[in-house]
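Hi,

Here is the structure I said I would pass on.

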Amino acid sequence: MKKLSWITVCFAVVLAVLLAGVPANAAKTIKVGIVDCYSGPASTYTNDVRDAFKLAVDKINADGGVLGRKIEFTTRDSKFKVDIGLSAAKELIMRENVDILMGTINSSLALAISQLAKKEKIPFLVTFSKSAKITGAKGHRYVFSFTENSAMAGKAGAAGLAKKPYTKYWIAGDDYEYGHAIADGVWNNLKKMKPGVKLLGQSWWKVGEPDFTPYITAILAAKPDAVIIATGGRDCVPFLKAAKTTGFNEKVPFYMHTATELSTLKPLGLNAPEGVIGTSNYFFYYPETKENRAFVDKFKAAYNRYPAVGAVYGFMAADFIKKAYEKAGKINTEKFINALEGLTVSTPVGEVTMRAYDHQAMLPMFMGTTKKAKGYDFLIATDIVIIPGKEVMPSIKEIKKARGK
Amino acid sequence: MEFASNITIAAIFQQVLVGLSRTTILFIVASGLSLVLGVLRIPNVAHGSLYMIGAFLAYTIATLFGGGTAGFWLALIIAPLGVALISFIAERGLFCHLYEREHLMLLLFTFSFTLVFGDLVKLVWGSDYRSLSAPVFMQGSFSIFDLPFPRYNLFLLVIGPLVALGLWFLTNKTKIGKIARAAAVDREMVGAVGINVSRVFAAVFVIGCFLAGLGGALVAPTQNITQGMDHAIIIEAFLIVIIGGLGNMWGALLGALIFGLTDSMGILLWPQFAIVFPYIAVIIVLLFRPKGLLKSTW
């Protein structure tokens with residue numbers, strides 16, 4: 001008898017928990033599900049997206065939420081694997097009933113979730129993947145990008161390099177989609193902007209190449225004026241380190257997209273190479289505006305570190321969600337999407353508009369050169385040039401062409 | 001398809017030197033693997049993990065001593081010893097009970113160790129990149145025939161032959177080396193003449209793993225210390241051991257030379273497709289010498 005009652009009690013407790021869980025979730029919140037890689041080297045970038053998003057959401061909720069509802073979010077670790085990330089996204093839609101999906105740094109996964117979002121009619125806000133296909137060839141009504149992509153980086157890189165006196169180039173990079181996309185983007189635009197440039201040769205290494213030295217010595221033997229390094233994600237930091245060890249940066253200047261980003265430079269500390277040209281969406285020390293300073297102070301007070309580029313993506317995404325729902329006037333997915341199209345929001349990097357045609361945030365790009373600076377135990381970017389969002393965006397004609405229209 | 005414009009005699013010479021310095025790392029790691037494979041008959045998949053631990057330990061030790069020149073040298077000595085200690089515990093505690101098992105069991109067992117070591121590294125050092133810099137006088141490069149050659153690679157070129165010489169001395173001139181070579185051929189006979197084979201095996205295992213740690217510590221200043229470096233090296237090390245002849249130390253040297261030189265020359269001659277060169281070399285060797293270039297001890 002006693003045993004039975006114990007089981008009954010347990011059952012009752014479990015039931016109570018389950019029941020309590022259901023109405024609590026249904027109680028008028030806006031649910032955001034984030035799938036991203038939170039383990040391994042990629043977490044250097046993704047943690048900032050999540051932490052800044054939380055910072056913004058906490059503020060929104062403290063101020064009374066959106067249309068009287070609070071924003072609530074849960075995260076899932078994709079472990080940089082497409083299958084794990086995709087099933088996590090499904091789980092977030094089916095079981096958690098999320099209103100919005102967010103993520104991810106892995107381009108293959110971002111494209112897979114984008115297809116799922118299209119099928120399930122759930123808005124998917126991309127916060128780090130740099131594949132131009134997301135809002136280009138594979139774009140659709142339910143996907144939005146809050147980060148620059150390889151097409152934009154290509155244009156920005158070319159615009160910056162065209163102003164420099166180099167003519168003989170060498171291209172080297174990761175032998176996968178991102179590497180080739182960046183290299184083609186920079187090179188094709190550079191040829192248009194400065195017809196005199198000449199390509200001496202190319203080298204392509206495998207993703208995760210452990211030893212860059214033989215590549216660097218072979219490139220230096222060709223004596224180019226400058227080198228375009230098309231490497232991304234986990235290979236940026238090792239490459240910069242190899243550049244420093246071999247003295248590459250002292251022999252020949254090289255351009256590497258994201259080289260100047262805090263996430264890339266911080267792990268190397270003062271051992272990072274100086275004089276590397278890089279492009280990025282954000283620096284915590286630039287632009288020196290009131291908005292940016294306020295954002296940096298808030299982020300630093302909360303997490304005791306400087307915000308890297310991902311923080312802007314996360315912070316901006318939360319603000320876009322709030323403003324879009326307010327503009328829509330009610331919590332409705334289709335109205336939310338209509339409102340998000342063409343919406344302009346004030347961010348730490350100035351006003352950013354979500355382009356209505358391809359759902360790509362028109363972010364400005366900053367080109368700078370790495371340098372040691374007083375007061376920092378890592379390198380920062382100097383001689384920063386702003387390349388405005390309008391200039392780096394692929395034209396709508398290009399997007400139409402990519403989508404086969 | 002355009003060929004690179006940078007192929008000159010000087011460039012080839014320089015690229016050979018760079019390839020030889022890569023060979024040094026590959027040889028040090030592969031010779032340790034080969035030693036354990038030849039004498040103990042253990043296909044130690046966890047060898048790569050010990051290499052990774054060596055690199056992480058080198059980082060920690062160098063940072064502990066202020067990250068300067070002294071820290072670097074201490075790291076180079078202490079990190080491999082630390083790895084040797086870990087392997088000693090593993091050998092006495094676990095491996096020594098398993099020598100009689102079949103190879104597949106041992107393979108699975110050491111594979112499980114790669115997972116355990118991988119997670120241990122994640123627990124101790126986290127998932128971030130770690131970076132160790134070479135001492136100031138070894139940073140940068142100097143000119144050979146007007147082409148820059150990294151100083152640290154020159155240091156590796158000095159270390160490589162020293163390790164090879166040390167291994168030759170160990171296996172040919174010391175008692176333990178001679179016993180180990182005998183035990184590799186006939187373990188029971190060596191035991192029958194009254195030698196404590198178990199102790200010899202422990203020593204050989206520890207020396208083999210010491211080499212993995214040394215490889216890791218040496219490579220630390222040239223690349224980022226991160227998870228996943230264990231998988232990258234173990235595949236290369238096994239290929240080298242296979243083309244050289246299982247368990248043959250000089251085979252490991254030959255294999256490392258083939259691997260390191262085809263890699264660096266491929267990068268110079270045909271940079272777009274450089275990735276495949278070492279693997280093509282492996283395929284060619286195995287087509288003509290399926291058992292490896294030199295005599296296998298198996």
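Predicted model: local features only at pLDDT ≥ 70, side-chain atom pairs only at ≥ 80, totals over all residues.

**Chain A overall**

Chain A has 15 helices and 14 strands. Its radius of gyration is 23 Å, close to the 22 Å that the globule rule gives for 405 residues, so chain A is as compact as a globular protein of that length. Along the principal axes, its C-alpha atoms fill a box of roughly 85 × 50 × 40 Å. Of the 405 residues in chain A, 52% are buried. If you take the contacts in chain A between residues at least 6 apart in sequence, 69% of them join residues at least 24 apart.

Where they meet, 23 residues of domain 1 are in contact with 20 residues of domain 2. On the domain 1 side, H2, helix H12 (309-328) and strand E12 (350-353) of chain A each supply at least two residues. H12(A) gives the most to that side, with three residues. By type, the domain 1 side divides into 14 nonpolar, seven polar and two charged residues.

**Where chain A meets chain B**

The contact between the chains takes 36 residues from chain A and 41 residues from chain B. On the chain A side, at least two residues each come from helix H2 (43-62), strand E7 (198-205), helix H7 (213-221), helix H8 (236-246) and helix H9 (248-251). H7(A) gives the most here, with seven residues. The chain A side divides into 16 nonpolar, 14 polar and six charged residues.

Is A:Pro238 buried or exposed? A:Pro238 has 26 other C-beta atoms within 10 Å, and the cut-off for buried is 20 or more, so A:Pro238 counts as buried. Leaving aside neighbours within four places in sequence, A:Pro238 is in contact with B:Gln223 and B:Asn224. A:Pro238 and A:Pro267 are 29 residues apart in sequence, with 9.9 Å between their C-alpha atoms.

**The largest nonpolar core**

The largest nonpolar core holds 215 residues, and the members that touch the most others are A:Leu101, B:Val29, B:Ala55 and B:Ala58. Helix H1 (residues 9-39) of chain B gives the most to this core, with 15 residues. Domain 1 and domain 2 of chain A both give residues to the core, so it lies between them. As for B:Ala58, its contacts beyond four places in sequence are B:Ala75, B:Leu76, B:Ala79, B:Leu132, B:Gly216, B:Ala217 and B:Ala220.

**A helix in chain B**

Last up is helix H4 (residues 103-125) of chain B. At 1.5 Å a residue, its 23 residues should span 33 Å, and the end C-alpha atoms are 32 Å apart, which agrees. The buried residues of H4(B) are B:Leu106, B:Thr110, B:Phe113, B:Thr114 and B:Val121. Helix H2 (47-64) and helix H9 (229-244) of chain B are among what covers them. After H4(B) comes B:Gly126, with a positive phi near 75°.

Cheers

How values were computed
Residues numbered from 1 in each chain as written. Chains lettered and ligands numbered in written order. Helix = DSSP H or I, 4+ residues; strand = E, 2+ residues; numbered from the N terminus. Rg over C-alpha atoms; globule rule 2.2 N^0.38 Å. Buried ≥ 20, exposed ≤ 12 C-beta atoms within 10 Å, placed from the backbone. Contact = placed C-beta atoms within 7 Å. Expected span 1.5 Å × (residues − 1). Nonpolar A, V, L, I, M, F, W, Y, C, P; charged D, E, K, R; others polar. Core = buried A, V, L, I, M, F, W, Y, C linked by C-beta atoms within 7 Å. Domains from an automatic or database assignment.
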